[in-house]
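Good morning, colleagues, and thank you for making time.

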Amino acid sequence: MEEITTEEQKKYWEIFISLNPINGYLSGDQAAKVLKNSNLPNEKLEKIWNLADIDKDGNLDFEEFCISMRLIFDVINKVYLEVPSRLPDFLIPTSKAHLIVAQEAIYENEQNTHLMQKTSKTRILSDNFDWYIQPSDKQNYDAIYSSNADLYGNISFNTLRDFYAILDISEEELLNAWKLVNPRMKETIEKDQAFYFLHILNQRNKGIRVPNVVPANLRATFEKNPVDYNINEASYKNDHKNANFPQSSKHKSPMKKYDSSKEMYATHVEDSNWNDIRQKRQEIHYQGKKHRSDVSDEHVPHSIILAELEQMLEFKKSELKRLKEGDVKSITGMNDLESIQSDVLEMKQQIDNLGLYLIKKTDELQKLRSDIRQET
């Protein structure tokens, strides 16, 4: 590229003088009359102005005006497809060369500072996480907790949004820390969990990576089961009528006479009665297993249900055999032969159905594995 020729300077001088410069300078409004005649977009004209105004005083002297006119003509004549990002060397006036050097030094320094800031944000994190909370840190955590906890002493994740804003921690790391102290992902956490959550954030803000696991001695604290206050669904029932409390020594019952005949009767219980009791308890045990298989096939493995049903079938068969042999007395509460036979048939049908169900599920599992192999 050629420097601005003498002829160009004469032509630009005539234009410059016609715009009535003040003390040898054209303001932005004065220069705009000529610059906009080029019909270039305002975006390009703004870039040309910034390149030409070397001393950055918001005005153009004659040298700077010449630079702006040359750049406009070069862009119009397709010398440049776009306005240059920096002023070409051949257009830099000797009187202003030192300003260009200073500006480039400032720009380079700004770029280095930006790079250092970016590097500091992505600095290598340490893995030396310490779960011990120092007393001074505990006081700070307590102050944050007390100012954010609700009436029940709990804190939600979003409650601490203002606190997150002052930390140099990503949203992903915040969520990972929350999951560590709140493995059940409840909406709120309690005081102990909140303290350790704040401790994780404090350590991360100091350049220590958020840990992946929780120590065994803290796991129970973080995974505590919530108290269930729904008495309608409680599995435990308290029968006050059957509750036995020790009597106070001040209200002892009157002493009763010892009756040796009752002891003799208790020590000579017939063996057949004991057999009845044992068999009744065994029947109740297997009836309970049958109930579990009917009610909860979603929560009990099918293999366990099948084994229990087979055991119950064997029990029913033994009862049926004793009935046929006439040993009715040994089966308390089971005097109906037809009822026993019906139970045996029902158990057999349930076992057969469950066996078919297991076969079906096994086939589905094999087909699923085959599909996965084909996809991979």
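I shall begin with the chain as a whole, then turn to its cores, individual residues, an annotated region and the pockets.

Please bear in mind throughout that this is a predicted model. The protein chain has 376 residues, and buried residues make up 30% of them. Its secondary structure consists of 14 helices and two strands. As for the contacts in the chain with a separation of 6 or more, 65% of them are between residues 24 or more positions apart.

Let us turn to the nonpolar cores. The largest nonpolar core has 30 residues, and the members that touch the most others are Y164, F197, I200 and L201. Two or more residues of this core come from each of α6 (135–148), α7 (161–165), α8 (171–181), α9 (191–205) and α10 (216–222). Helix α9 provides the largest share, with seven residues.

Which residues does F197 contact, once its neighbours within four places in sequence are left aside? They are F157, L160, Y164, L174, A177, W178, V181 and I189. A second, separate core of 28 residues is also present, and among its members are I4, F16, I48 and W49.

Not counting residues up to four places away in sequence, Y145 touches G153, I155, K191, A194, F195 and L198. For the pair Y145 and L198, which are 53 residues apart along the chain, the C-alpha atoms are separated by 8.8 Å.

The other residue is Q203, whose place is in helix α9. Is Q203 buried or exposed? With a relative accessibility of 9%, Q203 counts as buried. Its contacts, again leaving aside neighbours within four places in sequence, are with N128, F129, D130 and I208.

Next, the backbone. Most residues other than glycine have a negative phi. Against that background, two residues deserve a remark. K78 is not a glycine, yet has a positive phi of about 65 degrees. This residue sits in the loop between α4 and α5. K78 counts as exposed because its relative accessibility is 64%, where the class begins over 50%.

The other case is M185, also a residue other than glycine, for which phi is positive and near 50 degrees. Where is M185 found? Its place is in the loop between α8 and β2 (188–189). M185 has a relative accessible area of 45%, so it is classed as partly exposed.

A word on annotation. UniProt, in an unreviewed entry, lists residues 40–75 under "domain: EF-hand". In the model, the chain over residues 40–75 is 69% helix and 0% strand. The end C-alpha atoms of that stretch are 9 Å apart.

Finally, the pockets. The largest pocket has a volume of about 350 Å³. Its lining comprises 13 residues, and those that lie nearest its centre are L51, S85, R86, L87 and Q103. Which helices each supply at least two residues of that lining? They are α3 (42–52) and α5 (97–121). The largest share, four residues, comes from α5. In terms of residue class, the lining holds six nonpolar, three polar and four charged residues.

The second largest pocket has a volume of about 210 Å³. The residues that line it include E3, I4 and Q9, together with F62, E63, C66 and I67, and also F90, L91, I92, P93 and T94. Helix α4 (residues 62–76) gives the most to this lining, with four residues. By class, the lining of the second largest pocket divides into eight nonpolar, two polar and two charged residues.

To close, I would return your attention to two items on the display. Thank you for your attention; I shall be glad to take questions.

Conventions. Residues are numbered from 1 along each chain as its sequence is written. This is a predicted model: local features need pLDDT of at least 70, side-chain atom pairs count only at pLDDT 80 or more; totals for chains, interfaces and linings use all residues. Side-chain values use heavy atoms; hydrogens and water are left out. On a 1 Å grid over the protein atoms alone, a cavity is a set of points where a 1.4 Å probe fits but cannot get out, and a pocket is an open set with protein on both sides within 12 Å along at least five of seven lines; lining residues have an atom within 4 Å of a point. Grid points are joined across faces, edges and corners, and a volume is the space filled by probe spheres set on the points. Ala, Val, Leu, Ile, Met, Phe, Trp, Tyr, Cys and Pro count as nonpolar, Asp, Glu, Lys and Arg as charged, and the others, Gly among them, as polar. A nonpolar core is a set of buried Ala, Val, Leu, Ile, Met, Phe, Trp, Tyr and Cys residues joined through side-chain atoms within 4.5 Å. Buried means under 20% relative accessible area, exposed over 50%, partly exposed in between (1.4 Å probe, protein chains only). Contact means heavy atoms within 4.5 Å. UniProt positions are given in the numbering used here, feature names are shortened, and annotations may be inferred rather than shown by experiment.
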